[in-house]
Amino acid sequence: MENIENTYVNYDEIVVEFGEDTIKGRFEQIYEEMQAFIRVYKLETIAQVNQMILMQALMDYFSDIYRLKKYQGIEHVNGIKIKSYETFWLVQRKAIQLITNDLEDDRMIYINEKFVLSRLVSYLLGDDISKPIVGEKQKAFQNFLDTLYYYLKFRRCDSQTIELLVLAFKAGQLICDKFD
């Protein structure tokens with residue numbers, strides 16, 4: 001029987017499949033997003049990005065995408081799957097680490113979930129991100145965000161669940177646009 005530990009430790013095939021530049025590029029992109037998130041919310045004194053954990057999350061992500069491509073016999077994976085698998089591994093590995101025990105409250109315990117929520121919202125809204133959401137739509141959208149944040153914090157959500165969530169949101173946007 002093949003040693004399962006070697007299956008998950010050896011990333012040579014992954015590097016060959018996607019290329020070192022692609023992996024490094026994705027690392028740099030997400031690392032910069034995490035750094036910007038920390039700066040925007042003025043969390044420099046309480047949080048930092050653990051680069052080793054971030055790289056592990058990305059290698060897990062690329063491994064899943066590699067297996068998906070091989071299993072389905074496809075060359076490219078759609079953007080929704082990419083965002084879903086990426087989100088799953090970022091929540092799973094938690095690369096943003098707290099560096100202090102002196103917190104005013106416990107809200108920052110879920111800093112990684114806050115980060116991926118911000119990324120998901122940006123992805124879900126796309127070009128409409130600057131379009132104001134008002135009235136009942138604002139209340140419904142805030143309820144959706146609160147529920148999604150709760151789900152990321154307390155529920156077991158895998159990449160397929162996140163994918164379904166994104167697909168459902170996109171379908172809702174299409175339907176809503178037809179009736180506006």
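Modeller: Happy to! Let me start with R26 and E86, whose side chains meet in a salt bridge at 2.6 Å, N to O. By salt bridge I mean a side-chain nitrogen of Lys or Arg within 4 Å of a carboxyl oxygen of Asp or Glu. This pair links distant parts of the chain, with R26 in helix 3 (residues 20-40) and E86 in helix 5, 60 residues apart. Helices here are DSSP runs of H or I with at least four residues, numbered from the N terminus.

A word on the ground rules: this is a predicted model, where local features need pLDDT of at least 70 and side-chain atom pairs count only at pLDDT 80 or more, while totals for chains, interfaces and linings use all residues. Residues are numbered from 1 along each chain as its sequence is written, and side-chain values use heavy atoms, leaving out hydrogens and water.

Back to the pair. R26 is buried, with a relative accessible area of 17%, and E86 is buried too, at 3%. Buried stands for under 20% relative accessible area, exposed for over 50%, and partly exposed for what lies in between (1.4 Å probe, protein chains only).

Helix 3 also holds E33, which is 86 residues apart from its partner R119 in helix 6 (residues 111-125). R119 and E33 form a salt bridge whose closest N and O atoms are 2.4 Å apart. R119 is buried, with a relative accessible area of 8%, whereas E33 is partly exposed at 26%. Through shared partners, salt bridges join R26, E33, K83, E86 and R119 into one network.

Next in view is T87, which lies in helix 5 (residues 79-93). T87 is buried, with a relative accessible area of 1%. Setting aside neighbours within four places in sequence, T87 is in contact (heavy atoms within 4.5 Å) with V116, L120 and I162.

For another salt bridge, look at K70 and E17, where the closest N and O atoms are 3.8 Å apart. This pair too links distant parts of the chain: K70 sits in helix 4 (residues 51-72) and E17 in helix 2 (residues 12-18), 53 residues apart. K70 is exposed, with a relative accessible area of 52%, and E17 is partly exposed at 31%. As for the total, a search of the whole structure finds 11 salt bridges.

Note on methods. Helix = DSSP H or I, 4+ residues; strand = E, 2+ residues; numbered from the N terminus.
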